[in-house]
Amino acid sequence: MVIGLRRQHASIGSSLAFFLGNPVLNPATLIFMGFILGWQFSAIRLVAGVLLIAAVVAIANRMTPDDVPDHAPAPELAPIEREGRSVGTLFVAWLHELWNEMVAVLPGYAVIVFILGGLRAWLFPPDFTIHAAGLGGMALVSLVGTLFVIPTAGEVPIVQTLLGHGMNVGAAVALIVTLPTISLPSLFIVRKAFPAKVLAMTFGVIFAGGLIAGTIAQLVLR
Amino acid sequence: MSASQQIESKRATDSTLLLGTLAFIVLAVVGLFIVKWFPYWNKAHVAAVTHAIGSSIVSGKGIAPPAVGLAAAWQYTIAYFNSVWMAVVLALLLGSTVQVFVPRRWLLRMLGARNAKSAAVAGALSLGGMM
């Protein structure tokens, strides 16, 4: 969807807001989280999510000042706007885009999920995740959370299980902020939709956001 | 072509564009209802009553993930895609539909600006995605 938006010349800022808002502000996940982990977690996630999106969008718009000049020539028309379109040409164009997306996205996506899934024991060693605390521990947890991929709302049972075994509340918040937001596969999928430096910056901001939110939660909650 | 004919043809064009955009919106709403909104509505009730929505995809019921290796990789890939495949299919369909059936100038008016308003609109739209 983000690829489609960018091909349609939606701005980098709005596309990033859509890319990040989908997972991090997901209202359903916030509700599950409230019932299962407690509403303070949902509140932290909501506030952190909004702040992270605002930060990423603001920096991205500043980083790419010349990407779309104000008086740029009109962008190419979408197939439905072109002269001589018919149901047939539109259907062919649609199949073409669908096929292109599948080829560009699916194989790499599956391979990265496969690799990350295989490395779970190294990414989430129980001795470490349960005892992670302090700046160093929180940084490592945030890094894993930013890289690893989970299904929608998957972070809720993951964190529930870890909290049940005594995980630190700060580390739990770091995971809640970073796990769903971006991941190696999600960055791979949008790799051509954004400049590499924008994606690197996004990675850095989400990582730092997990670290900061975790540290604050550590101080505030209990 | 007379002025009135020109106006006629302009109208026809606009109604096709409207139809294309409508097709995209219907696909998004129906698709998201089936894949996301309805299942999540039920899941929210489960979460409210049982205070759980399943076990950790990383480590199951315990906290120790399976040993590094192909078995763990395969098991995770199956579990992950089993959970997200419908959303992936919908996202691919929506991605190609927005490119072909939504007029670029309409989308640009909503999401084209490099400002906070465009980003806020996109962020608000993303709430419905729940991906």
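Student: What span should helix α8 of chain A have, going by its number of residues?

Tutor: In this predicted model, helix α8 of chain A covers residues 134–147, and at 1.5 Å a residue its 14 residues should span 20 Å.

Student: Let's pick V141(A). Why does V141(A) count as buried?

Tutor: V141(A), which is found in helix α8 of chain A, counts as buried because 29 other C-beta atoms lie within 10 Å, and the cut-off for a buried residue is 20 or more.

Student: What does V141(A) touch, leaving out residues up to four places away in sequence?

Tutor: With those left out, V141(A) touches T129(A), A132(A), A171(A), A174(A) and L175(A). Take A171(A) as one of these contacts: A171(A) and V141(A) are 30 residues apart along the chain, and their C-alpha atoms are separated by 6.5 Å.

Student: Is V111(A) buried, exposed or partly exposed?

Tutor: V111(A), found in helix α5 (residues 87–118) of chain A, is partly exposed, because it has 14 other C-beta atoms within 10 Å, and that count falls between the limit of 12 or fewer for exposed and the limit of 20 or more for buried. For a sense of distance, V111(A) and G34(A) are 77 residues apart in sequence, and their C-alpha atoms are 33 Å apart in space.

Student: Back to α10(A), then. How many of the residues of α10(A) are buried?

Tutor: In α10(A), 10 of its 10 residues are buried, so the helix is mostly covered by the definition used here. The buried residues include V169(A), G170(A), I176(A), V177(A) and T178(A), and what the buried residues of α10(A) pack against is α4 (39–63), α7, α8, α9 (155–164) and α12 of chain A.

Student: Which residues have the most contacts inside the largest nonpolar core?

Tutor: They are A172(A), V173(A), A174(A) and L175(A), in a core of 94 residues. The element that gives the most to this core is α2(B), with 10 residues. As a general background point, nonpolar side chains in soluble globular proteins tend to be buried together.

Student: What does A172(A) touch, again without residues up to four places away in sequence?

Tutor: A172(A) touches V159(A), L162(A), L163(A) and M167(A) on that count.

Student: Zooming out, how many helices and strands does chain A have?

Tutor: Chain A has 12 helices and zero strands. Of its 222 residues, 52% count as buried, and its C-alpha atoms fill a box of roughly 65 × 35 × 30 Å along the principal axes. Among its contacts between residues at least 6 apart in sequence, 82% join residues at least 24 apart.

Student: And what about chain B, how many helices and strands there?

Tutor: Chain B has four helices and zero strands, and of its 131 residues 31% count as buried. Its C-alpha atoms fill a box of roughly 75 × 35 × 30 Å along the principal axes. A compact globule of 131 residues would have a radius of gyration near 14 Å, but chain B has 22 Å.

Student: How many residues of chain B are in contact with chain A?

Tutor: There are 63 residues of chain B in contact with 67 residues of chain A. On the chain B side, the elements that give two or more residues are α1 (3–50), α2 (70–101), α3 (104–111) and α4 (116–129) of chain B, and α2(B) gives the most, with 19 residues. By type, the residues of that side divide into 41 nonpolar, 19 polar and three charged.

Student: Last topic: where in chain B is confidence lowest, and where is it highest?

Tutor: In chain B, confidence is lowest in α1(B), at a mean pLDDT of 84, and highest in α2(B), at 95. Chain B averages a pLDDT of 89, and 90% of the residues score at least 70. For the complex, the predictor gives an ipTM of 0.91 and a pTM of 0.91.

How values were computed: Residues numbered from 1 in each chain as written. Chains lettered and ligands numbered in written order. Predicted model: local features only at pLDDT ≥ 70, side-chain atom pairs only at ≥ 80, totals over all residues. Contact = placed C-beta atoms within 7 Å. Expected span 1.5 Å × (residues − 1). Nonpolar A, V, L, I, M, F, W, Y, C, P; charged D, E, K, R; others polar. Core = buried A, V, L, I, M, F, W, Y, C linked by C-beta atoms within 7 Å. pLDDT = per-residue confidence, 0-100. Rg over C-alpha atoms; globule rule 2.2 N^0.38 Å.
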